[in-house]
Protein chains: 2
Amino acid sequence: MFNFTYDLPTKILFGKDQIENLGQEIKKYTDSVLLVYGGGSIKKNGSYDAAVRQLNEYGIRFEELAGVAPNPRIESVIEGVDIIRENDLKGILAVGGGSSIDCAKVIAGSVDYQGDPWDLVSGKAKYKSVLPIFTVLTLSATGSEMDRNAVISNTKLNAKLGTFHPDFLPKVSVLDPTYTFTVPNNQTAAGTADIMSHIMESYFSVDESAFISDRFAESLLKACIKYAPIALTKPDDYEARANLMWASTLGINGITSMGKKVPWSVHRIEHMLSAYYDITHGTGLAILTPHWMEYVLNETTLPRFVTFGINVWNIDASLPKEQIAKTAIAKTRAFFSSIGIPEKLGELGIDDTYLDEMAVRSHGPNGLPNAFMPITVEDIRNIIKNSL
Amino acid sequence: MFNFTYDLPTKILFGKDQIENLGQEIKKYTDSVLLVYGGGSIKKNGSYDAAVRQLNEYGIRFEELAGVAPNPRIESVIEGVDIIRENDLKGILAVGGGSSIDCAKVIAGSVDYQGDPWDLVSGKAKYKSVLPIFTVLTLSATGSEMDRNAVISNTKLNAKLGTFHPDFLPKVSVLDPTYTFTVPNNQTAAGTADIMSHIMESYFSVDESAFISDRFAESLLKACIKYAPIALTKPDDYEARANLMWASTLGINGITSMGKKVPWSVHRIEHMLSAYYDITHGTGLAILTPHWMEYVLNETTLPRFVTFGINVWNIDASLPKEQIAKTAIAKTRAFFSSIGIPEKLGELGIDDTYLDEMAVRSHGPNGLPNAFMPITVEDIRNIIKNSL
């Protein structure tokens, strides 16, 4: 078990109508915010109206940045920064899913930088200060509501990069499962895949000494496996939506990776696919994951797949280990398929045009020497190829 | 799943030698502390010397309050408050187990109150302000290193009361498992029982909709069941001590009770035993718990015992439900016995002298109407009697 720091001061207000406490929470930090959101869904599910009511009730001045895209673009960041500067706003409230929240984070960190915000995302420049961030979550997926990360795309450069700052951790996040009742099935499925991928990226490690983190990871995977099918059949099932929402937050806030040190493999590959093809992140992850599993299964990684099979998929522990591992991978693929996710990248219009380019860029100069199984450019190429 | 707030800003520095980061963390809040501890164990395990080195290195002025007893007394609180006032100290550092930490918390809240601190503990007066609290944990048990509670005894009144303040949550807690290598076996066992009791108090509920909290609870119980025997046999097993330590923190910090509303039953009864007989808290809990389980097992509570038996004790799910439940209780008792805890209160010198008195006071004016199974004075009397 590796040393770790647990430091998660985000205040989570979880449950129906918790948005009624949002105004008083924001007011502790600021009197003005940029309200960031994506398309029209938040106007249908009631979260936009409730947020605006709270801002008005507590006298919090606000301007709006609408139209943030899935795989949020650097152009939205620039637009948001401009609005904040013009109106001298002191905080940011994102209402939506991970795209709106990630965009809000990078805006919050870019106001204090005079150059191109892409410098900050690409690591060329450093964040100096970050405005306080608040979120109202309407999609269970990225976990951005309680983490320090954001992912921003630059379509001109075919780039999709993760960026990080300690103060990207929101001050307060409202998690009301009823706001996800109207999420369409394909997004519920992709969101679930994203949650499960976050958990599995940390879970698959050779070292098994962080017992609690691993059992927590299995708990969250089981929650997804139990509740995603229920939410797909009965979109307004509160218990299902609530457990998926809490799983999205806990899946990436660190509680399943305390004492572990595992660089993420599948996300790295998927970010390249999204950058070149602008596909839905969770869908890409779900397609790649079983292929990645098959590819990295070997003598060293076998024990972890066996544990995964027994504890997550309830596979009979008395079967031969190899069989448990292969069955576990098959069940993972079958689960994603059962919630409506395609099994091949070809179904999303991806072919081998950029295969070599994506493999080289995904690997980067150093690869991932400490990954569950370190993979070369050739390995990445094969994993994508197997997934086409 | 009930609405909840997750708000846990304590920073945890977990792992070997993390105390080397303590000085810089304290310095963010204050330049002076009262150093609170119990007996001589912290001078043997190295934590006292390391803490003092950190205070000196960072120029943090300090005075000491030593000799805090297990089941910490109100007299220690008064003594600590006096030292703080005389020396104008601005923070508190507890080095030790739950007793030292709990005592530090109530001292921190009593400095700003001119009357008898017992007024604050008993609820007659309200805490006005709380000095910042820091802890170095040397015993895995109470979880006080990351919660808002403290328990203080008043031997003159045969009283042991829980008391609460949001700012009792420590600012920073250092959790170095190596400091628990020298904990004697009886304390490792009692500490484990305390951890497991915290988890079970929330776990046993009729409502099963907080799926994630319940699976997390089972994860922590399994960690205790796996690692306590290892720590007893090999006291310097880092992985075992680390998992027990992390379980103690997560067992009570709320992560297993999010979305649940269950008043604690067994702790309430045990506090009376400790108040009259000054026994080790965890030992009392371990003896009472299986008797409480047997007493509350009925048609309504059966499903939860079945889940407990299957998920925690790996009992064959195809057996009759009643049998699973009874086997689960028997396994719980056998586990506590296997780690060296007596099965009867009589072995601790407790008889029926104060039985009625303890039952009446434990029940209080209102009892616990929303408990897993609400229990009357007569019920409490029977549970204690069965445990004698």
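The model is a predicted one.

**Entry 1: strand pairing in chain A.** I looked up strand β1 (residues 4-14) of chain A and found it joined to strand β8 (residues 172-175) of chain A by 4 bridges. The two strands run parallel. Within this pair I noted A:Leu13, which stands opposite A:Val174 in β8(A).

**Entry 2: pairing across the chains.** Next I followed β1(A) towards chain B. It pairs with strand β1 (residues 4-14) of chain B over 7 bridges, in the antiparallel sense. Here I noted A:Phe4, which is opposite B:Phe14 in β1(B).

**Entry 3: the whole sheet.** How many strands form the open sheet, and in what order? I read 12 strands, in the order β3(A)-β2(A)-β4(A)-β5(A)-β8(A)-β1(A)-β1(B)-β8(B)-β5(B)-β4(B)-β2(B)-β3(B), with mixed pairing. At the edges I found β3 (61-65) of chain A and β3 (61-65) of chain B, each of which pairs on one side only. From one strand to the next the twist averages 25°. I then checked what packs on the sheet and noted helix α5 (residues 98-110) of chain B, which touches β2 (32-36), β4 (92-96) and β5 (133-137) of chain B. The direction of α5(B) makes about 165° with that of β4(B).

**Entry 4: α4 and α5 of chain B.** I stayed with α5(B) and looked up its packing with helix α4 (residues 74-87) of chain B. The angle is about 50° and the axes are 9 Å apart. α4(B) is therefore oblique to α5(B). The crossing of the two is right-handed. On the α4(B) side I listed B:Ser76, B:Val77, B:Gly80, B:Val81 and B:Ile84, and these meet B:Cys103, B:Val106, B:Ile107 and B:Ser110 of α5(B).

**Entry 5: α11 and α15 of chain B.** I looked up another helix pair, helix α11 (residues 281-296) of chain B with helix α15 (residues 377-387) of chain B. They pack at about 125°, with axes 9 Å apart. The two are therefore oblique to each other. Their crossing is right-handed. From α11(B) the contact takes B:Ile287, B:Leu288, B:His291, B:Trp292 and B:Tyr295, and from α15(B) it takes B:Asp379, B:Asn382, B:Ile383, B:Asn386 and B:Ser387. I sorted these residues into 5 nonpolar, 4 polar and 1 charged.

**Entry 6: where the chains meet.** I found 32 residues of chain A in contact with 31 residues of chain B. Which element gives the most to the side of chain A that touches chain B? I read β1(A), with 10 residues. The elements that give two or more residues to that side are β1, α8 (211-233) and α9 (238-250) of chain A. By class this side has 18 nonpolar, 7 polar and 7 charged residues.

**Entry 7: chain A overall.** I noted 15 helices and 8 strands in chain A. Its C-alpha atoms fill a box of roughly 65 × 45 × 45 Å along the principal axes.

Technical notes
Residues numbered from 1 in each chain as written. Chains lettered and ligands numbered in written order. Predicted model: local features only at pLDDT ≥ 70, side-chain atom pairs only at ≥ 80, totals over all residues. Axes fitted to C-alpha atoms, helices over the stretch in contact; angles between N-to-C directions. Parallel < 35°, antiparallel > 145°, perpendicular 65-115°, else oblique. Left-handed = near helix turned anticlockwise from the far one by under 90°. Contact = placed C-beta atoms within 7 Å. Nonpolar A, V, L, I, M, F, W, Y, C, P; charged D, E, K, R; others polar. Pairing = 2+ DSSP bridges.
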